[in-house]
Amino acid sequence: MNNHTNLLDEVFEKFVSTARIFRDREVLRHDYLPEKLPHREAQIKTLGETVAPVLKGARCSNVFIYGKTGTGKTAVTKYVLQHLEVKAKELGAPVKFCYVNCRLAGTEYRVFSVLCRNIGISVPFTGLSVGEVFNRFKNGLDVSKKLLIIVLDEIDALIKARGDTLLYELTRINETLRNSKVSLIGISNDLRLKEFLDPRVLSSLSEEEIVFRPYDASELKNILSERAKLAF
Ligand SMILES: Nc1ncnc2c1ncn2[C@@H]1O[C@H](COP(=O)(O)OP(=O)(O)OP(=O)(O)O)[C@@H](O)[C@H]1O
Ligand SMILES: [Mg+2]
């Protein structure tokens, strides 16, 4: 016991006293959102212009974002919405945001539960039908009188596994809402996703499309060196 205490003392002491390797370890986490996203100015601008109408109380177009993995789709979307949220608060615009990672959520039921929780409605983990959870979301949202922007990230994973019912319901939701409006931002890293979608769903989701092409070597070098400056 005593020996182990000494051993740990030594380990901790060594850790504390050695020179720091990282200036800020957090910035190396995969979900860290940098303040600057070089080489994505065009996408930031287009997405910003697309969502801006909510600041004046109008529903914004749905957007379909696609590009290969690691091209900054999630980072740019979160970045734009964070800034939009600040602006909306400043102006007192009735805007709400909900981000769902569909791959992590895994089922329509869980995606709709996340949406429900976002507007303050709690649903049990199981026990209700998907339709019932969706109805609770729809009714709760309509009472709240908001413009809601829903980000469905990694939507391809959910659609390939379970079909496009979720998107079908969500793209039609505005037809039955009286006091609230929904806009969708669907993000996919599989361009072929379009082939899996009902044409009506596709045309509705793709009111706007934003493509994220892969970074070239010099852009990657630049991005990495910017990040390294913050981390080390
Ligand atoms: N232009 C950029 N500047 C700085 N960091 C970036 C940039 N683009 C991407 N990154 C960083 O690279 C990582 C991957 O980006 P991101 O998660 O946004 O990719 P993605 O396109 O959503 O990938 P996936 O399809 O796998 O979800 C993140 O840590 C992100 O912060
Ligand atoms: Mg992503």
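Strand β1, residues 63-67, pairs with β5 in the parallel sense over 5 bridges. The model described here is predicted. β1 and β5 belong to an open sheet of 5 strands with parallel pairing, in the order β2-β3-β4-β1-β5.

- The edge strands are β2, residues 95-101, and β5, residues 208-212, and each of them pairs on one side only.
- On average, neighbouring strands of the sheet are turned by 15° against each other, with direction ignored.

**Strand pairs and bridge partners**

- β1 is joined to β4 by 4 bridges, and the two strands run parallel.
- Phe64 has Glu209 as its bridge partner in β5, and its bridge partner in β4 is Gly186.
- β3 and β4 also run parallel, joined by 6 bridges.
- Within β4, Ile185 is the bridge partner of Val151.
- How many of the residues of β4 are buried? The count is 7 of 8, so the strand is mostly covered, where buried means under 20% relative accessible area.
- In a regular strand the side chains alternate between the two faces of the sheet.

- Which strands does helix α2 touch? Helix α2, residues 41-51, packs on the sheet and touches β1, β3 (147-153), β4 (181-188) and β5.
- The direction of α2 makes about 160° with that of β5.
- Helix α8, residues 165-172, packs on the sheet as well, touching β3 and β4.
- The direction of α8 makes about 160° with that of β3.

**The contact of α2 with α3**

- Two packed helices are described by the angle between their axes and the distance between the axes.
- The axes of α2 and helix α3, residues 73-91, come within 10 Å and cross at roughly 45°.
- The crossing in which α2 passes α3 is right-handed.
- On the α2 side the contact involves Gln43, Ile44, Leu47, Gly48 and Val51.
- On the α3 side these residues meet Val76, Thr77, Tyr79, Val80 and Leu84.
- How many residues of this contact are nonpolar, polar and charged? The contact has 7 nonpolar residues, 3 polar ones and no charged ones.

Definitions and conventions: Residues numbered from 1 in each chain as written. Chains lettered and ligands numbered in written order. Predicted model: local features only at pLDDT ≥ 70, side-chain atom pairs only at ≥ 80, totals over all residues. Heavy atoms only, no water. Pairing = 2+ DSSP bridges. Axes fitted to C-alpha atoms, helices over the stretch in contact; angles between N-to-C directions. Contact = heavy atoms within 4.5 Å. Left-handed = near helix turned anticlockwise from the far one by under 90°. Nonpolar A, V, L, I, M, F, W, Y, C, P; charged D, E, K, R; others polar. Buried < 20%, exposed > 50% of the residue type's maximum accessible area, 1.4 Å probe, protein only.
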